[in-house]
Amino acid sequence: MRILLLVSAFNGLTQRVWCDLKEGGHDVGVVLAPVHDDSSLVAAVEEIGPELILCPFLKHRVPEAIWDRYPTVVIHPGPVGDRGPSSLDHATLDGRSRWGVTALSAVEEMDAGPVWATETFPMPEVPIAKSALYNGPVADAAMACVAEVVRMVAAGEAPKPAEEWPAEVEGTGELPLLRRSAFEIDWSAPATEIARRIAAADGAPGAPAIVDGKTYCLFDPATTPDQQDAEPGTVVGVDTDAVAIATGEGTLWVGYAATLEKKRGPKLPAAWVLDTRHASYRAMPEALAETTYERDGDVGYLTLRSYSGAMYTQQCRRMTDAVRKALIEDTRVLVVRGTEHAFSNGIHLGVIEAAQDPAAEAWDNIRAIDELCVAIAEAEQLTIAAFTANAGAGGVMAGLCADITVARAGVVLNPYYDMGIFGSELHTWGLPSRVGPEKADELLGAKLPISAAEAARIEMVSELGPRDAAEFDGWLRDLAQGYADPEAYVPALAARESRRACAMPMSYYQSIELAEMARDIFDDRHGFAAKRKAFVTKAAPSETPAKIRF
């Protein structure tokens, strides 16, 4: 089928839909919809002549000239009956126990068309960031809806009015747009309720709070039940870059913050933004820990956590220290994994852009993440890297430095660099050593995402595990314990030594890559500064990139 994805951005969900449909044999293209130019949008769609238009991420109405002529289906992040642009914000803020995703026809009124498919899911008991909710259960439900829509269109079936569908989630209706003021923090409230508010406002619009007489937006929350002997809203503790704040009941921890004056500043590690001069050290909750290590017999499990997948210089150095410490253990196997909601996208472009000298910060960040990659690549123990969530650029390449790389089903990988930089993270060795030089050049040159399933097919990753996070964790543990057994461990080590024997020393690849990176960072030969700024400020692209068009 000829399917057009009409979207506001080629975001994670759109990439996942794009990969799945292309791998299913469909002819798929993308058009990035301009906000105020219906005529050019209509002309672009007419030129394509799609059999089906899917809108997995669209922020505004589809022109009638499009939906009146072509089957146009909007993927709405709410259950049947829900309408409005702030669905996920409301779902988290209201403490919903269940939510859903609905595929409905585009009509004149937003979210009011007949329904093709719907899928519901339980909301996390402990609220998670809106971005994590969107890329996790929402995306999974959306994929089920997309599959049903494609099946129905192919079979010539039609959608049904919303009234004919059972109401799986009660109390839905047209919900208002929630602006930043709706998320203002009252420090007299319990820490758990404040954390819920911050999670609901994650990304945009952000939850505003007054701390020490200044206004900030807070992100990446966690709580502890301990009660502080301090006025609610007072900074009472700091651990690494996380900050603790007293509340009416319990303590709120935040990992990231941004100044909020006339406009919101960049999201940075909280201790860099909030005043912690009078705060004492307190241990942060495990939910915010950058690294956690657990040993189970001959296997060590090191979990790396980075908010939104971006890793800044100091964080990379701490993670490298954690890897080296884990390698001192007398285990046979070391598993390096991300969290359920993030693996890694490489260097932290936000911290780089906010630095007094962005080029110097970028250079430090690249060298720091390189050291993390070298520590994994040169380990004596057998190493397993697990893509637990979406990964991009340097994050993908870091995972490929391990001896064995596995992925969770549904994960999307972007195995290339698209910021005007050559790339580092030993990618000139890690990727070709798995897929061969020709395929590596193809992946790096195409600059397109691939699914974990496709990565397994081309042997970029060794195995594919289940999508469910708990099932994947169990699967990963069984896999690691299996490799710790001598019958699997000995041949795995032999395969590792064979891979290394065909390579130059890791410093060879590192030197070549850093020489190219120096020219990109300091000479800006390929527009790294402008591309980085556009990414950080979320500047809308002026046109659809040719690589994702038909």
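Aromatic pairs and charges over rings

The count comes to 8 aromatic pairs in this predicted model, where rings of Phe, Tyr and Trp (its six-membered ring) pair if their centres lie within 6.5 Å. Local features need pLDDT of at least 70, side-chain atom pairs count only at pLDDT 80 or more, and totals for chains, interfaces and linings use all residues. Residues are numbered from 1 along each chain as its sequence is written, and side-chain values use heavy atoms, with hydrogens and water left out.

Q: Why is the aromatic pair of Phe10 and Trp18 called edge-to-face?
A: Planes under 30 degrees apart count as stacked, over 60 as edge-to-face and the rest as tilted. Phe10 and Trp18 have 90° between their planes and lie 5.9 Å centre to centre, so the pair is edge-to-face.

Q: Why is Trp18 said to be buried?
A: Buried means under 20% relative accessible area, exposed over 50%, partly exposed in between (1.4 Å probe, protein chains only). Trp18 has 6% relative accessibility and therefore counts as buried.

Q: What makes Trp272 and Tyr312 an edge-to-face pair?
A: Their centres are 5.2 Å apart and the angle between the planes is 75°, so the pair is edge-to-face.

Q: How do you know that the charged end of Arg2 sits over the ring of Phe550?
A: The rule asks for NZ of Lys or CZ of Arg within 6 Å of the ring centre and within 35 degrees of the ring normal. The charged end of Arg2 sits over the ring of Phe550, 4.1 Å from its centre.
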